[in-house]
Amino acid sequence: MNREDMGVNIGRVERWLSLVAGGALAAYGLKRRQAPGGAAAIAGAALLYRGATGHCDVYQALGVNRAYGRANGNAFRGDGTGFIADLGSDTRAQLGGHRGIHVEESVTINRPISELYRFWRNFENLPQFMEHLKSVAMREEGISHWIAKGPAGMRVEWDARIINEVDNKVIGWQSLEGSMISTAGSVNFDEDAHGTRVTVHLQYNPPGGRAGAAIARIFGEEPNQTIREDLRRFKQLMEAGEIPTTEGQPSGRHARKTPKTA
Amino acid sequence: MKAVCWEGTSDVRVEDVPDPTILNPRDAVIRVTSTAICGSDLHLFDGFIPTMRAGDILGHEFMGIVEEVGSGVTNLKTGDRVIVPFPIACGRCFFCTHDLYSCCDNSNPNAWMAEKFYGYTAAGLFGYSHMLGGYAGGQAEYARVPFADVGPFKVPAHLSDEQVLFLTDVYPTGFMAAENCHIQSGDTVAVWGCGPVGQFAIRSAFMLGARRVIAIDTVPERLAMATEGGAEILDSMDPDVFYKLRATTGGIGPDSCIDAVGMEAHGPHIDYVYDKIKTMTYMATDRASALRQAIHSCRKGGTVSVPGVYGGFIDKFPFGAAMNKGLTIKTGQTHVHKYLPRLLRHIENGDIDPSFVVTHCVSLDDAPEMYETFRDKKDGCIKVVMKPH
């Protein structure tokens, strides 16, 4: 995990609250010495960690940063680029810290931010470069229906909603409660000397938890590499207008068996 | 169609394969009129380049007539006569827009493979291993050319195939090797390897202001061709190359040194034997005696330019000499696209007629035999051109 992963993204008051509540919960849990108590102790430890480091994995996965100011019930982004709507998300509860899989990958694309942002914001475009997605359909405003090709030909579907959106800066989304898979992701767009830097955070609990992830890995769906290849295709599509391929080209492997000439 | 396929080390066959088709909007299909065997194809023939698969169509030096274009190609039409640069470049990424076409970000469908070897991928190449794209090559009757709106370069009808074919690779490669030397008027340039790239490097070095070029090889007809190009010559199997270079440059050493040999060097010294044993036992991938000698011989503050192809790891690399003498090392696959207008102008002006390197002009069917002839430097072979139709 790199330094950026560990960055502070929780506000000061919330950090103190985490520390106090975490300490209390841990003390309570350890005292009870029974199964529910163990769970409380673990939850307390997570809160303690959160408070001590100022870092929340779930916030990060959602593209949320609460380390800075807050006004009118909405949190402002630390860099002042806009606000984050709807902080009371249910997925946050489902996605516990290091339990799921967290991927961070970035790519630099030689195109203007606005063009990349616009393309990504229309989630229906994502299957063009995200190989594990079969389709994404936009439903009512902010809600989309995702269908992915799961491990072993299994179909995984969920609804997601946009929970964070700042024009030409960031898009964050998460699955709705009760979905087959609990997932959240964000994409950030930043100007860079070599173009636009696109950074994706993705967190998900695959079907069957860790076991599901192991299966996914066996089937070549290793999440980091998957996202990396997805972003490469996104770059190719945006820069070159097409994804390079050799599929369908001739080779001696498809030779009509005729006698060789020499 | 007929195509030259790599079937294994020292095993090249002409096979009947399906015709290529347009696969992407920016593709074109070219009817190949002339195609050459490159010295770097011999690295494939000899099994030195990883990630080749039996059945791969070879060839990255080819030209011909546009047969068909995809919907995204508007600057070419059926019937245009073009040469095709050997690196495949999208023309739009950071690297392409900075004239670093052979470092294109977007043309290698197997980028992940190259990343495992090199950290980052360079451009996809025609017929040059799966790690570098897995693209079918041009030693065939027809070839598919991706990003055809960027690569293929129209050539005038009054120039023969043999005059323009080498714009695809060896002429720009020799030219870039010389340009990378930052030659100052009056400089002395030493060139290891007098194959076609070395020959073009010699002539380009003079064109860029070198006063003397010293060519180092051991094959008589190649040395003779170097002499015709104005170079002085040394025998690469002579154990005294370093001392002779020092003596002839007043004790200074050549201002710049070009390694146009690459990973399968031969040499008279113990390091050659060492490389040979290491590579044969899979403990090293490249033999680098020419490169070591170039670094050792170069004057202080000089430049070592490396157009020769290397694939993996070199043992006993004299980095101490490079560091302590303050050398500049310049290398890379050629950014062919960048050089085409200028080099075509040189051909049209009559400054150079690249057809001088051709020693063999044969049919595509002769490919298996010609790979051997070229590798073994038999029959005075320096450059083979094949006619698929």
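**Exercise 1.** Against which helices and strands of chain B do the buried residues of helix 5 of chain B pack?

*Solution.* The model is predicted. Begin with the burial of the helix: ten of the twelve residues of helix 5 of chain B are buried, and the helix is mostly covered. Among these buried residues are P196(B), F200(B), I202(B) and R203(B). Their packing partners in chain B are helix 1 (39–45), helix 4 (170–179), helix 6 (220–228), strand 11 (188–192), strand 12 (212–217) and strand 14 (256–259). After helix 5 of chain B comes G209(B), with a positive phi near 110°.

**Exercise 2.** Determine whether H145(A) is buried, partly exposed or exposed.

*Solution.* First, locate the residue: H145(A) belongs to strand 6 (residues 143–149) of chain A. Next, apply the cut-offs: 20 or more other C-beta atoms within 10 Å make a residue buried, and 12 or fewer make a residue exposed. H145(A) has 15 such atoms and is therefore partly exposed. Finally, list the contacts: beyond its neighbours within four places in sequence, H145(A) touches A137(A), R139(A), E157(A) and D159(A).

**Exercise 3.** Describe the open sheet of chain B with strand order 2-1-4.

*Solution.* The sheet has three strands, and their pairing is antiparallel. Strand 2 (11–16) and strand 4 (56–57) of chain B are the edge strands, each pairing on one side only. Strand 1 (residues 2–8) of chain B is joined to strand 2 of chain B by six bridges; A3(B) has E15(B) as its bridge partner in strand 2 of chain B. Helix 12 (residues 367–375) of chain B packs on this sheet, touching strand 1 and strand 2, and its direction makes about 160° with that of strand 2 of chain B.

Terms used: Residues are numbered from 1 along each chain as its sequence is written. Chains are lettered from A and ligands numbered from 1 in the order in which they are written. This is a predicted model: local features need pLDDT of at least 70, side-chain atom pairs count only at pLDDT 80 or more; totals for chains, interfaces and linings use all residues. Helices (H or I, at least four residues) and strands (E, at least two) are DSSP runs, numbered from the N terminus. Two residues are in contact if their C-beta atoms, placed from the backbone, lie within 7 Å. Two strands pair if DSSP finds at least two bridges between them. Axes are lines fitted to C-alpha atoms, for helices over the stretch in contact, and angles run from 0 to 180 degrees between N-to-C directions.
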